[in-house]
Amino acid sequence: MRRKIVILGATGSIGKSTLDLVERSPERFEVVAVTAATNSEALAEIARRTGAKLAVVVDESRGGDLRTRLGTDCSVASGEEALIEAATMDADLVIAAIVGCAGLRPVMAAVEAGRIVALANKEALVTAGNLMTEAAERHGATLLPVDSEHNAIFQCLAGSRREDVSRLILTASGGPFRTTAEAGMREATPAQAIAHPNWSMGAKISVDSATLMNKGLELIEASYLFGVPSKRIDVLIHPQSVVHSLVEFVDGSVLAQLGSPDMRVPIAYAMAWPERIETPAQRLDLAAIANLDFADPDTGRFPALRLARDALEAGGSAPIVLNAANEVAVASFLAGAIRFTDIASVVERALAGDGDPAPSSIGEVMEIDRNTRERVRDMMKAVCT
Ligand code: NDP
């Protein structure tokens, strides 16, 4: 029987890679719902191509356009609530590929509906943390990591007892400014920041990779997902992006997952789990690669990584504040309003005024997120030079 799939964020980078895999294995997968924020044209094309039953565009002013493009072949809905309808549709798998905290409510809805959720949308787990992992346990949902690092760890953990794990080691390419001096980073343009050396991704995660905030968010994600505290998760710079992450066990054994940098590999693993399917990813030729390099991260030039670790250790509302401040700062940087190096300064300032307890509901998470965004917008002018 074909596996029914909902794709939240179908028009994005992860969404497109998922669709590529679906189209390579039509006998295994059937897309039942697709969503986008504003891009009704691309969404209509995807809905038509896949034969999806429901297409959702969040921007209500695009709903009419989507309806005109799709006619009566597919149900069309718009607005944020419609995302919940898509997330909870009768399906075997929900691909969570919305960018940012905007994905939190639909992901939680899928979790509360007991679905298998292939989670690319790391910001949802960073902000909801234990609320999400506890809800998954309560509702019998399964969270499958799509992020290549967490997917690597998930693969390395298969068949192991969690108490035998001593350390998780997340690898990071170091991004486009790995060897750039601080003065050069201060002048970095959005085009330079999104030009990732190894991966082709959406704009927001590309900037996060350049600041190393992406690795910071992944550190928090790994801690919640695998139940491992900050002090037992290391970050290792590995410019080739061949070793996707590692797990060290109590006996000193270290397992790693390797592969060429192609997101279709971790996405395929989540889509077919617990089986595997073929992907077009380039096969690894280690002899041709010859050398794999590793180094400690430089938290002096990349303070975002330190800020994320501090937020994880502080707990409470800190990871939500970190994420919201970062989302606002990255959007401002991409709009040309602040410098690249201001991103971490903005996040640091936002965290300095924070010390609230952990939220007890998703409503509270969303409120902290909203308040932080307002606070950050207000203070941004004062911080940025
Ligand atoms: P993209 O920016 O390429 O795509 C984002 C998707 O989310 C689009 O479909 C977009 O719709 C939709 N979207 C944007 N804003 C909203 C909103 N407010 N409400 C609902 N939908 C929205 O992002 P990526 O595919 O690069 O990343 C998606 C997630 O996956 C992120 O959390 C990222 O960190 C994570 N990830 C991505 C990787 C990658 O290789 N790209 C690797 C690992 C993790 P529209 O097109 O209409 O704007």
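Is L258 buried, partly exposed or exposed, and what is its relative accessible area? L258 is partly exposed, with a relative accessible area of 34%, where partly exposed lies between buried (under 20%) and exposed (over 50%), computed with a 1.4 Å probe and protein chains only. The views show a predicted model, in which local features need pLDDT of at least 70, side-chain atom pairs count only at pLDDT 80 or more, and totals for chains, interfaces and linings use all residues. Residues are numbered from 1 along each chain as its sequence is written, and side-chain values use heavy atoms, with hydrogens and water left out.

**View 1. The shell around the ligand.** The ligand is surrounded by 25 residues, of which T11, T38, N39, E123 and G202 are the closest, a residue being counted if one of its heavy atoms lies within 4 Å. The shell divides into 14 nonpolar, eight polar and three charged residues, with Gly counted as polar. Helices α1 (13-24) and α6 (122-128) each supply at least two of the shell residues, helices being DSSP runs (H or I) of at least four residues.

**View 2. Backbone atoms facing ligand oxygens.** A backbone N or O atom of G202 lies 2.9 Å from an oxygen atom of the ligand, and for A37 the corresponding distance is 3.0 Å. A polar backbone atom of A120 is 3.4 Å from a ligand oxygen atom. The protein buries 84% of the 890 Å² that the ligand exposes when taken alone, by the Shrake-Rupley method with a 1.4 Å probe.

**View 3. A nonpolar surface patch.** L258, L284, L286, I289, L292 and F294 make a nonpolar surface patch of about 440 Å². L258 is found in strand β11 (residues 254-258), strands being DSSP runs (E) of at least two residues. Patch residues have over 30% relative accessible area and no salt bridge, and nonpolar side chains are joined within 5 Å; a salt bridge is a side-chain nitrogen of Lys or Arg within 4 Å of a carboxyl oxygen of Asp or Glu.

Note on methods. A polar contact is a pair of N or O atoms within 3.5 Å; within protein, one must be able to donate a hydrogen and the other to accept it, and residues adjacent in sequence count only if both atoms are side-chain atoms. Patches are made of residues with over 30% relative accessible area and no salt bridge: like charges are joined within 9 Å, nonpolar side chains (Val, Leu, Ile, Met, Phe, Trp, Tyr) within 5 Å.
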